[in-house]
Amino acid sequence: MQAEDIQPRPAPVPQPSQPTKTFFGLAQDAGRQGFSRPAFNGDYVARFPEDPYGQETAPNARAWRVYVEEAAAFDENMVGQSRDGLDVMLVFAGLFSAVVTSFLVQVSQNLQADFSEMSALLLHDLLVVQLAMVDGATVNVTTPSINPAEKFEPDVIDIWINGLWVVSLTTSLVVALASVLVKQWLHRYMTFRSGTPELRSHIRQFRFMGLEKWRVLIIIGMLPIIMHISLLLFFTGLTLF
């Protein structure tokens, strides 16, 4: 065989990489999905054997297995996206609550009398009287600069600022609490279900009906709106501040 007859071997064509799937916000391997389920191309006829005649609704029938596979893929997608959003919302609500609390601690002091300033004014009046006595002058001591017995009335702007920031803090804490509760609900929803395919299908459907009954997905969608309202209240109070 001559050298010129040897044809160069073509370079291998790179295959497009499969997109990395996530489950609860964690990257999953190509052959591992959810609860260690192998990768499946959707050909149920080839994967599950045909049921014997009269056993189409048996506990291990193909219909139940198909339901379990489809429901698991649907739940992984639904819960995975919800959990990722809840994690971000929970972190943001916690940080925002800490920021609002630091501002609220400062402005809440304006709702009560400043006794340090009151003591300074009274000491100033006392010093003026003592200096006048040294010089032999006459000083009217019947009208002090401030009356400690007088009822304190905070400024209207201070009341509005404190009210807006208290409501803002309350709503952000409600978002954080709701995020924790929903995360626990979703964790319980995705808990491994043992038993026959029929039993697992019934348990999954029962949990899914509870998920819809309590409007869990609607609650998840409402949390960002409530968080935006909390931000709006905070910035309104910050403008008045």
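**Figure 1. Phe96 is buried in helix 2 of this predicted model.** With a relative accessibility of 8%, Phe96 counts as buried. Buried means under 20% relative accessible area, exposed means over 50%, and partly exposed falls in between, with a 1.4 Å probe and protein chains only. Helices are DSSP runs of H or I with at least four residues, strands are runs of E with at least two, and both are numbered from the N terminus. Residues are numbered from 1 along each chain as its sequence is written, and side-chain values use heavy atoms, with hydrogens and water left out. Because the model is predicted, local features need pLDDT of at least 70 and side-chain atom pairs count only at pLDDT 80 or more, while totals for chains, interfaces and linings use all residues. Setting aside neighbours within four places in sequence, Phe96 contacts Ser168, Ser172, Met227, Ser230, Leu231 and Phe234. Contact means heavy atoms within 4.5 Å. The C-alpha atoms of Phe96 and Ser172 lie 7.3 Å apart, across 76 residues of sequence.

Figure 2. Leu231 is 63 residues from Ser168 along the chain, yet their C-alpha atoms are separated by 6.9 Å.

Figure 3. Apart from neighbours within four places in sequence, Ser179 is in contact with Leu86, Met89, Leu90 and Leu223. Leu86 and Met89 also take part in the contact of helix 2 with helix 6, as does Leu223 from helix 6.

**Figure 4. Helix 2 packs against helix 6.** Two packed helices are described by the angle between their axes and the distance between the axes. Helix 2 (residues 62–107) and helix 6 pack at an angle of about 20 degrees, and their axes are 11 Å apart. That makes helix 2 roughly parallel to helix 6. Axes are lines fitted to C-alpha atoms, for helices over the stretch in contact, and angles between N-to-C directions run from 0 to 180 degrees. Angles under 35 degrees count as roughly parallel, over 145 as roughly antiparallel, 65 to 115 as roughly perpendicular, and the rest as oblique. The crossing of helix 2 with helix 6 is left-handed. A crossing is left-handed if the near helix is turned anticlockwise from the far one by less than a right angle, and right-handed if clockwise. Helix 2 contributes Met78, Ser82, Leu86, Met89, Phe92, Ala93, Phe96, Val99, Val100 and Phe103 to the contact. From helix 6 come Leu217, Ile220, Leu223, Pro224, Met227, Ser230, Leu231, Phe234 and Leu238. By class, this contact has 17 nonpolar residues, two polar and no charged. Ala, Val, Leu, Ile, Met, Phe, Trp, Tyr, Cys and Pro count as nonpolar; Asp, Glu, Lys and Arg as charged; the others, Gly among them, as polar.

**Figure 5. Helix 4 crosses helix 5.** The two axes come within 10 Å and cross at roughly 160 degrees. Helix 4 is therefore roughly antiparallel to helix 5. Their crossing is left-handed. Trp185, Leu186, Arg188 and Tyr189 of helix 4 meet Arg204, Arg207, Phe208, Gly210 and Leu211 of helix 5. This contact holds five nonpolar residues, one polar and three charged.

**Figure 6. Asp158, a buried residue of helix 4.** Helix 4 spans residues 156–189. Asp158 has 19% relative accessibility and so counts as buried. Leaving out residues up to four places away in sequence, Asp158 touches Asn110 and Leu111.

**Figure 7. Arg215 sits in a loop with a positive phi.** The loop lies between helix 5 (197–213) and helix 6 (216–240). Arg215 has a phi of about 55 degrees, although it is not a glycine. Most residues other than glycine have a negative phi. At 48% relative accessibility, Arg215 counts as partly exposed.

**Figure 8. The whole protein, for orientation.** The protein has six helices and two strands, in the order β-β-α-α-α-α-α-α along the sequence. Of its 241 residues, 27% are buried. Among contacts with a separation of 6 or more, 76% join residues 24 or more positions apart. The accessible surface comes to about 16900 Å², and 65% of that belongs to carbon and sulfur atoms. Accessible areas come from the Shrake-Rupley method with a 1.4 Å probe; for residues, only the protein chains shown count as cover.
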